[in-house]
Amino acid sequence: MRATGQPLLHIDVLGPAELVTHAHEPVQLRQPLTRALAVRLGLARGKPVADDILIRDLWGDDDAARPVARLRVLASRLRSALGEHSGALQRTPAGFSLQATPADLDAVEKALSALDPFRRSGDQAKVFSTSAAALAHWRGDPLADLDGVPFAVAEREHLESLRLELHLAWAESGLALGKYVEPELERLVGVHPLHERLVGLFAQALFRAGRHAAALDQLHALRVRLADELGIDPTPETVALEEGLRADLAAPPKLRTSLPLATRTFVGRRKEQAELLQLIQRPGLITLLGGPGAGKTRLAREIAGHITETERPVAWLDLAPAQPGDDLESALAGAAGATSGDHSIGHSAELLSGALLIVDNAEHLVEQLAPIIDVLRCKASDLSILVTSQRPLRLTGEQLHRVAALTAAEASQLFRDRSGADPSPAVEQICTAVDRLPLGIELAAGLTRTLSVEQIAQRIDHRLRLLVRGLRDAGPRHVSLRSALNWSYELLSPQEQVALRRLAVFAAGCTPEAATFVLTAPSAADPIGLDDVERVLAELSDRSLITSGGERIGLLETVREYALDQLRDSGEESALRDRHAAWCVELAKFGGAYGPQDQRQLLGEPELARRVRLEEPNMLAAIDWCMGDGNDPGRVSEFVAPLGWHWMSRGMMAQGSEWLWASLPALPAGTVERGEALRGFAFQARSVGRYDEALQAALECAEIQRALGNDRGLARTYHVLTLTSLGLDDVYGALDYAHRAGKMARTLELPIVLGASLNCSGLALRMLGYPAEAKQLFEEAYDIWAGVRDDEGLVLASNHLGVLAVQAGDTAEGRRRALFCLRMARGIGGLLGILDGLALLATVEAAEGNHAEAVRLLAVVEHQREELSSPIQVADEVSALSVAWTTCREALGPEADRLADRTRRQSPETLTAEILATPA
C-alpha cells in the first residue's frame with residue numbers, strides 16, 4: 001500500500017536523482033548522502049522508514065559510528081535544502097517519511113502492468129508505443145550519482161531489470177510491426193551478451209535487414225559464450241530460431257518493411273502529409289529539404305507508416321552513419337532485402353519494384369548518391385523514392401519539398417503534447433525562440449522535468465547552451481541543437497563556413513547588396529571575391545542554412561546564434577562588426593545632406609521608409625557594437641544623426657539622444673561631423689524634455705555652421721532652436737529663431753524648413769493669444785507641406801488647426817482634424833503623430849460630454865508619452881489636456897481613475913485602428 005494524499009515532491013530515479021516540486025522547480029541536493037536519503041524515502045512513497053533500516057541502507061552494516069546522530073544530521077540537511085517545502089519531511093515514531101513519489105518509476109511500472117493485456121489481445125502497436133514511451137523516462141543510468149551507497153546498488157539492479165524488460169517488449173513488438181530496431185538491439189547485446197532472448201531478437205532484426213550471415217554469426221557467438229562462460233547449451237527456443245533462419249535462406253528474396261523507431265505521436269504538418277501521400281502514389285523522386293532540426297526524418301517516418309498500412313512495401317536506408325567513399329550500393333541492397341551476394345543496383349531495383357524507398361540523411365553524400373538513384377529509378381518499375389536531405393540531388397524530375405518551421409499553432413501543440421503544459425505566453429515565447437523547429441521544441445519540452453515553463457522561457461535566449469538533453473536514442477546529431485548545427489556546419493566548404501559566420505552580423509537579415517558588402521571584407525584566410533558571392537549564397541540556401549526568398553537574405557535565430565559563436569572563435573568578429581557598422585553608415589548617407597525636417601519627407605516615401613524600418617535591427621546591433629566592444633562611439637553619429645526623423649517617428653527619441661550624446665566626446669570641435677551630431681542631439685533631446693542640454697548643443701551647432709559657411713545647416717539649426725525655445729516657454733525667443741529660419745529657408749528654397757518655421761510661429765502666436773494670426777500661419781505651412789507631399793508636416797499643421805478649433809468651441813472641426821491626423825499618421829507609421837491626434841480627440845470627447853471615451857484616450861496618451869519620456873511641449877496643449885482630465889474626474893468621480901488604470905496600456909496603434917473603423 002502507498003501512502004495516500006497528494007505528494008508535495010517528485011523524485012526522478014531513472015537517471016541521476018532529481019528532486020522537483022509540483023511547480024517543476026528543482027530542489028538542489030548537492031551532498032550525495034542527502035540526495036540518497038531523499039531517494040530512499042521517496043522510494044517508500046510517503047510511508048515511514050525505520051531508523052535502523054535507513055542506517056543500514058545508507059551506510060551498510062559495517063559503519064555504525066553514532067549512526068542515529070548521523071542520520072538526524074542528514075535529515076536536518078535535507079529539511080534545510082527543502083526550504084519552503086520542508087514540511088514534506090516528517091518524523092514519526094515509525095521513522096522518517098517524505099511526502100514524495102518516484103514519478104518516473106511509477107509511470108514505468110504502470111506501463112509494464114499494461115503490456116500483458118495488450119499482448120494477449122495481439123495489439124503489437126500498443127505494446128510498441130507503450131514500451132517506447134516508458135523507455136523515454138530514462139535519462140541515463142539509474143541513480144548514477146549514488147555510487148557507493150548500499151541500497152542504491154540493489155535498487156539500480158532492479159531498475160535496470162525493468163528497463164531490459166521494456167526493451168525486450170519494445171524490440172519484439174517493433175519486429176512484429178516491421179520497425180527499424182537493429183541499432184538499439186546491437187547496443188543492448190553489447191551490454192547483455194549472454195541474454196539469449198535479446199541476442200535472438202537481434203539476429204532476427206539482422207536477418208530481416210538482409211544481413212543473413214551476420215544474424216547467424218550472432219547466434220553462433222552466443223552458443224560459444226554460453227559454453228565458455230556458463231558451461232551450458234542454448235535453450236531449445238534459441239536452437240529453433242537458428243534452424244528457422246537457416247531454412248529461410250532457401251526461400252526466394254522478398255522485400256521486408258523495416259522502419260525506424262517513431263516513439264511519440266506526430267504533431268502538425270497535416271497538409272504536407274496529405275500532399276506527400278498523394279505524390280508518393282506515383283513513381284518518382286521527391287526530396288524533403290530542410291535545415292537542421294526541421295523534422296525531415298520524422299515527417300518521412302510518418303509518411304512511411306501510412307504507406308505500410310496499405311501493404312505496399314517500404315524500404316528505409318539511413319545514410320547518417322555512412323561516410324564518403326562507403327559502398328552505398330551494398331547499403332542499398334541491404335535495405336532492399338537482398339539475400340544473395342548480388343549487391344548490384346539492378347538486383348536492388350528488381351527487389352524494390354512497386355515499393356517506396358526512403359533514403360534518410362543524404363546531405364553529406366549527394367554527389368555519390370545521385371547517380372545511384374538516377375540508375376535505380378530507371379531500372380525499377382513503379383518505384384517511389386523519398387529522400388531527406390539539406391541539399392537537393394539535382395536530378396531531372398526531382399520534386400523538391402521544403403520542410404519549413406511549424407506554424408505557431410502546431411509549435412505550441414507539439415510543446416504541450418511533449419510537456420503536458422497548458423497554453424500560455426511562455427509556451428509561445430519558447431517556440432518562437434527556437435524558430436518553431438521541432439527539434440528545438442522537443443528539447444525545450446524535455447526540460448520541463450526540472451524547470452517550469454516560465455523558467456525555460458526566461459532562459460531560452462541562451463538556447464544553444466540550454467537545449468542539450470535530447471533522448472539518447474535520437475542519434476548523436478539530435479541530442480542537442482548544437483550537435484545538429486555542428487553536423488551541418490562541418491559539411492560546408494571553408495569558404496561557405498566563412499560566409500555563414502559573416503552573415504551572422506546582420507541582426508534581421510539583409511539585402512543581397514549588404515551581404516556582398518560584408519562577405520567581401522578583406523581576409524587573410526578564405527577570402528570571398530565578388531564573383532564567388534552569388535554561388536556561395538546559393539549553396540547556403542540549398543542547404544537550408546539561410547533564407548533567400550524575395551529581396552532579403554536571413555538566418556534563423558538558432559543558426560545565427562551558432563554562426564556568431566563560430567565568428568567569435570574565428571578571430572574575425574571585430575573586423576566584421578566594423579564592416580557591418582560601415583555598411584550602416586552607407587545606408588544612412590541618403591539623409592546626410594538633409595536636416596531632420598527634410599529627412600521626414602524622404603522617409604515619407606513608402607519604399608524608403610520600409611527599407612529603413614527593415615534595417616533598424618541592424619543599426620541597433622551596430623550601435624551596441626560601437627558603444628561597447630567596438631569602442632567607436634563617434635561612428636554612431638554617422639548613421640544616427642542622418643536618420644533623426646526615423647528615430648523620432650519610431651518614438652525612440654530618448655535612445656537617439658543618448659547615442660548622440662555619447663558620441664560627442666569622440667568628435668573634434670568645429671568639424672562638420674560634430675555639427676551634425678550636435679543638431680541631431682538637440683532635435684532628439686528637446687523631444688524628451690532635455691531642453692537646457694538641447695539649447696546648448698544647438699547654440700554650439702549654430703556657431704559651427706556659421707564658421708563653416710553652411711547656410712543650409714544654419715537654417716535647420718535655427719529651426720531646432722525654435723522648437724527648443726518653445727519647450728522652454730521662451731515664446732519670443734521662438735518667434736525670433738523661427739523668423740531667422742524662415743527667412744533663410746525662403747532664400748535657400750528649403751520648403752520643409754520654411755513650413756516648419758511658419759508652423760512654429762503659429763504655435764507661438766496661439767500661445768500669446770492671437771488665434772486668427774496663428775490660423776493663417778498654420779494654413780500657410782499646411783499648403784507648403786502639401787506642395788512637397790510632406791505627410792508628417794500635414795499631420796502637425798492639421799493637429800494645430802484642430803487645437804485652435806476646439807479652443808474656439810468648434811468641436812466638430814476639431815474631431816474632423818483629429819481623425820485626419822490619425823489616418824495620416826497611421827499610414828506613415830508616425831507614433832508621435834498618432835499620440836497628438838489621440839490627445840486632440842480626447843479634448844473633443846471631454847468637451848462634448850463623452851467622458852468615459854475621453855478618459856480612455858487621455859490614459860493611453862499619458863502612459864505612452866511616459867514610456868517614451870516625451871512630454872507634450874506646448875503650454876496651451878498641456879493646459880487643454882489638464883482641463884479635459886478635470887472635467888472627466890468631476891463627471892465620473894473615482895471611476896475615472898479606475899477606468900484609466902484598466903485602459904492605459906492599450907496600444908495606440910490598436911486604439912487608432914478601432915477609432916478609424918468606427919462609422920462617423
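This is a predicted model: local features need pLDDT of at least 70, side-chain atom pairs count only at pLDDT 80 or more; totals for chains, interfaces and linings use all residues.

Reader: Why is H36 described as roughly antiparallel to H37?

Author: Angles over 145 degrees count as roughly antiparallel, and the crossing angle is roughly 160°, so H36 is roughly antiparallel to H37. The crossing in which H36 passes H37 is left-handed.

Reader: Which residues of H36 and H37 make the contact?

Author: On the H36 side they include Leu754, Leu758, Leu765 and Arg766. H37 contributes, among others, Ala774, Leu777, Phe778 and Trp785. Sorted by class, the contact between H36 and H37 has 13 nonpolar, four polar and three charged residues.

Reader: Which residue stands opposite His10 in S2?

Author: That residue is Val20. The pairing concerned is that of strand S1 (residues 9-12) with strand S2 (residues 18-21), which run antiparallel and are joined by four bridges. As a general idea, side chains in a regular strand alternate between the two faces of the sheet.

Reader: Is strand S9 largely enclosed or left open by the rest of the structure?

Author: Strand S9 (residues 284-289) is largely enclosed by the rest of the structure, because five of its six residues are buried. S9 pairs with strand S12 (residues 384-389) in the parallel sense over six bridges, and Leu289 stands opposite Ser389 in S12. S9 is also joined by four bridges to strand S13 (residues 399-402), again running parallel; the bridge partner of Ile286 in S13 is Gln399.

Reader: How should I read backbone angles, and which residues deserve attention?

Author: The general idea is that most residues other than glycine have a negative phi. Arg45, which is not a glycine, has a positive phi of about 55°. Arg45 is found in the loop between helix H1 (32-43) and helix H2 (51-59). Leu143 also has a positive phi, near 50°, and lies in the loop between helix H5 (124-135) and helix H6 (150-177).

Reader: Are Arg45 and Leu143 buried or exposed?

Author: Burial is judged against a cut-off of under 20% relative accessible area. Arg45 has 14% relative accessibility and therefore counts as buried. Leu143, at 0%, counts as buried by that criterion.

Reader: Finally, how far apart are Ile915 and Leu838 in sequence and in space?

Author: Ile915 and Leu838 are 77 residues apart in sequence and 9.6 Å apart in space, C-alpha to C-alpha. Ile915 is found in helix H44 (residues 908-917) and, with 13% relative accessibility, counts as buried. Leaving aside residues up to four places away in sequence, Ile915 touches Leu819, Leu822, Leu838, Leu841 and Leu857.

How values were computed:
Residues are numbered from 1 along each chain as its sequence is written. Side-chain values use heavy atoms; hydrogens and water are left out. Axes are lines fitted to C-alpha atoms, for helices over the stretch in contact, and angles run from 0 to 180 degrees between N-to-C directions. Helices (H or I, at least four residues) and strands (E, at least two) are DSSP runs, numbered from the N terminus. Angles under 35 degrees count as roughly parallel, over 145 as roughly antiparallel, 65 to 115 as roughly perpendicular and the rest as oblique. A crossing is left-handed if the near helix is turned anticlockwise from the far one by less than a right angle, and right-handed if clockwise. Contact means heavy atoms within 4.5 Å. Ala, Val, Leu, Ile, Met, Phe, Trp, Tyr, Cys and Pro count as nonpolar, Asp, Glu, Lys and Arg as charged, and the others, Gly among them, as polar. Buried means under 20% relative accessible area, exposed over 50%, partly exposed in between (1.4 Å probe, protein chains only). Two strands pair if DSSP finds at least two bridges between them.
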